[in-house]
Amino acid sequence: MGNALYAILLLFTGLIGSVIIYWVYRLLLKRAERTESKIDDLLVAAMGKPLVITVFVVSIYFSVLYSDLIPARYDYILASEYLNAFYIIIGAWVASSFSYNFIHLYGGWMSARTESEVDDRIIEVLEVVVKYVIWFIAFLLILSTLQIDITPLLAGAGIAGVAVAMAAQDILSNFFGGALIVMDKPFQVRDRIKIDGYLGDVVSIGPRSTRIQTLDYQLVTIPNSMVANSVITNYALPETRLKIKIPVSVAYGTDVKRVKEILLEIADEAVERSAAVLRYPAPSVYFLEFADSSLNFVLIVWAKAFNMSWEVQDFINTRIDERFGEEGIEIPFPQMDVHLRKD
């Protein structure tokens, strides 16, 4: 009778303790929300419910242990190993919950500061991986606590891990290639880049590949592992303006000074009439060489953005053709290689 009364008292105490802990947990949760730091919120949220359940389950365990309700032949049910396994489950619950919420909160805060989607995907993967790793370790600890040989399981897990790693080699290389792109930031979405012979604007940076829309409006998908090992030209960095070189050739006998004056006048006209050409840096003209059949110049102007080069070249080339025609300046035809065959 004494043991039964003691068991009932333990059960009642555990029930009351669980209710009290639950109300304290709710109170601490509200107070933690008022603080600037989020660590206390994560700790309270992770430990509250597991602690309530732990107090209640442990009170039931000891009340049954002292009540003599379990026959002697079933005493193994109340072995301490099972209680230790329960503690491991509770510990894994707390660690998993805290780790997941910590990565979700601070990882989400960091990824929100970037325009790329790759870091968001990485955070999502980390959230899942951390939970699985913690519960797998907990599972192994429970088997060890219950004195179950885990050596075959570890060996099987190792073989399976090697097989999965070999099968997922490309996936992992592309995934980490995307992570390197996010950390190194050689380009961002909407930048114009040239990579592996493709020139276009970056549409998206995914966990497996990077997508580029070419100037012909075709979508090119490049694996991140290839991107990470390629030479990349970024026309949007360190600034969006673009230096444009326009080659000009005139016939021998043409007044060089007059050609340079006309080209600078055309450049100034482009600055005034076209919204795509910058006034500074100022346009410039250089007489480069005496070619086989022409005098070669280059006109240098600066476009406001990398995607305005064709507009600028069209305007300037059109005006060069008009002005040279008005001034009587001859633009020589390009020489063509002619191969004669003797029959």
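Trp 23 is found in helix α1 of this predicted model, and because its relative accessible area is 58%, above the 50% cut-off, the residue counts as exposed. The chain as a whole has 9 helices and 8 strands, and buried residues account for 34% of its 343 residues.

**The nonpolar patch**
- Two helices, α1 (2–34) and α2 (39–67), each supply at least two residues of the patch, and the largest share, 5 residues, comes from α1.

- An open sheet of 3 strands is arranged in the order β6-β8-β7, and its pairing is antiparallel.
- The edges of this sheet are formed by β6 (242–250) and β7 (284–290), each of which pairs on one side only.
- On average, and with direction ignored, neighbouring strands of the sheet are turned by 25° against each other.
- Strands of a sheet pair through backbone hydrogen bonds, in either a parallel or an antiparallel manner.
- Between β6 and β8 (residues 295–303), which run antiparallel, there are 9 bridges; Lys 245 has Ile 300, in β8, as its bridge partner.
- Helix α8 (residues 256–273) packs on the sheet and touches β6, β7 and β8, while its direction makes about 20° with that of β8.
- Helix α9 (residues 309–327), for its part, lies across β6 and β8 and runs at about 25° to β6.

**Glu 124 in helix α4**
- Glu 124 lies in helix α4, which covers residues 118–145.
- With a relative accessibility of 47%, Glu 124 counts as partly exposed, because this value falls between the 20% and 50% cut-offs.
- Although Glu 124 and Ile 103 are 21 residues apart in sequence, their C-alpha atoms are 8.8 Å apart in space.

**The chain as a whole**
- Of the contacts in the chain between residues at least 6 apart in sequence, 65% join residues that are at least 24 apart.
- The chain exposes about 22,300 Å², and carbon and sulfur atoms supply 62% of this area.

Terms used: Residues are numbered from 1 along each chain as its sequence is written. This is a predicted model: local features need pLDDT of at least 70, side-chain atom pairs count only at pLDDT 80 or more; totals for chains, interfaces and linings use all residues. Side-chain values use heavy atoms; hydrogens and water are left out. Helices (H or I, at least four residues) and strands (E, at least two) are DSSP runs, numbered from the N terminus. Buried means under 20% relative accessible area, exposed over 50%, partly exposed in between (1.4 Å probe, protein chains only). Contact means heavy atoms within 4.5 Å. Accessible areas come from the Shrake-Rupley method with a 1.4 Å probe; for residues, only the protein chains shown count as cover. Two strands pair if DSSP finds at least two bridges between them. Axes are lines fitted to C-alpha atoms, for helices over the stretch in contact, and angles run from 0 to 180 degrees between N-to-C directions.
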